[in-house]
Amino acid sequence: MFTFFETGKVYICGGFNGTECLNSTETYDPESNQWTLVSPMNNSRSGLGVIAYKGDVYALGGFNGIARMCSAERYCPKSNKWRTIADMGGPRSNFAVEVINNRNRATGVSIFFTPPPPPKITGVITRSLYTTP
């Protein structure tokens, strides 16, 4: 998963290499056109939610190769360190993360389609699963 940082950098966190889930973190600087490996996350994750917020990068949930995760961590670019933060309310992978009212929210969205093609959206259900303290 990736997120854009306030400085214009892009952060790529975790993923799957075809064999195992990854804990690596890379950043891309468009000014120098260069990718750089930074400190790896504390946990391997694929399908995680990632967001940049107030100078830090948040990695939430995901799948570790065995189970969906509810754990979360925060990366500080200044110290190049990941720190564990409060768990989400339940395990989640392949979801969206957004900031609402200065809080990170993990949101699952289900979209229902009515045949025949082209699909027509007939309803959207969202559920807030995690809010930062």
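Predicted model: local features only at pLDDT ≥ 70, side-chain atom pairs only at ≥ 80, totals over all residues.
Visitor: I would like to begin with the strands; what order do the four strands of the open sheet have, and what is their pairing?

Guide: In general, strands of a sheet pair through backbone hydrogen bonds, and the pairing can be either parallel or antiparallel. Here the open sheet runs in the order β5-β6-β7-β8, and its pairing is antiparallel. β5 and β8 (81–85) stand at the edges with a single partner strand each, so one side of each has no neighbour in the sheet. Direction ignored, neighbouring strands of this sheet are turned against each other by 25 degrees on average.

Visitor: Over how many bridges do β7 and β8 pair, and which residue in β8 does Arg-74 stand opposite?

Guide: β7 and β8 are joined in the antiparallel sense over five bridges, and Arg-74 has Arg-83 of β8 opposite to it.

Visitor: Now to the charged residues: how many salt bridges does a search of the whole structure find?

Guide: The general idea is that side chains of opposite charge can pair when their charged atoms come close. In this model the search of the whole structure finds two salt bridges. In one of them, the side chains of Arg-45 and Glu-73 meet at 2.9 Å, N to O. Because Arg-45 lies in the loop between β4 (34–38) and β5 (49–53) while Glu-73 lies in strand β7, this pair ties together parts that are 28 residues apart in sequence.

Visitor: Is Arg-45 buried or exposed, and is Glu-73 buried or exposed?

Guide: Arg-45 has a relative accessible area of 0% and is therefore buried, and Glu-73, also at 0% relative accessibility, counts as buried too. Leaving aside neighbours within four places in sequence, the contacts of Arg-45 include Gly-14, Cys-21, Ala-59, Phe-63, Met-69 and Glu-73.

Visitor: Which residue forms a salt bridge with Asp-56?

Guide: Arg-74 does, and the closest N and O atoms of the two are 3.6 Å apart. This pair links distant parts of the chain, with Arg-74 in strand β7 and Asp-56 in strand β6, 18 residues apart. Arg-74 has a relative accessible area of 30%, so Arg-74 is partly exposed, whereas Asp-56, at 15% relative accessibility, counts as buried.

Visitor: What does Cys-76 touch, not counting residues up to four places away in sequence?

Guide: Cys-76, whose place is in strand β7 (residues 72–76), touches Asp-56 and Lys-81 when those sequence neighbours are not counted. The C-alpha atoms of Cys-76 and Asp-56 are separated by 5.0 Å, although these residues are 20 residues apart along the chain. The relative accessibility of Cys-76 is 25%, which means that Cys-76 counts as partly exposed.

Visitor: Finally, which residues make up the largest nonpolar core?

Guide: The largest nonpolar core has ten residues, among them Tyr-11, Val-38, Met-41, Leu-48, Ala-59 and Trp-82. Two or more residues of this core come from each of β2 (10–16) and β6 (56–60). There is also a second, separate core of nine residues, including Ile-51, Tyr-53, Ile-85 and Phe-95.

Technical notes: Residues numbered from 1 in each chain as written. Heavy atoms only, no water. Core = buried A, V, L, I, M, F, W, Y, C linked by side-chain atoms within 4.5 Å. Buried < 20%, exposed > 50% of the residue type's maximum accessible area, 1.4 Å probe, protein only. Contact = heavy atoms within 4.5 Å. Salt bridge = Lys/Arg side-chain N within 4 Å of Asp/Glu carboxyl O. Pairing = 2+ DSSP bridges. Axes fitted to C-alpha atoms, helices over the stretch in contact; angles between N-to-C directions.
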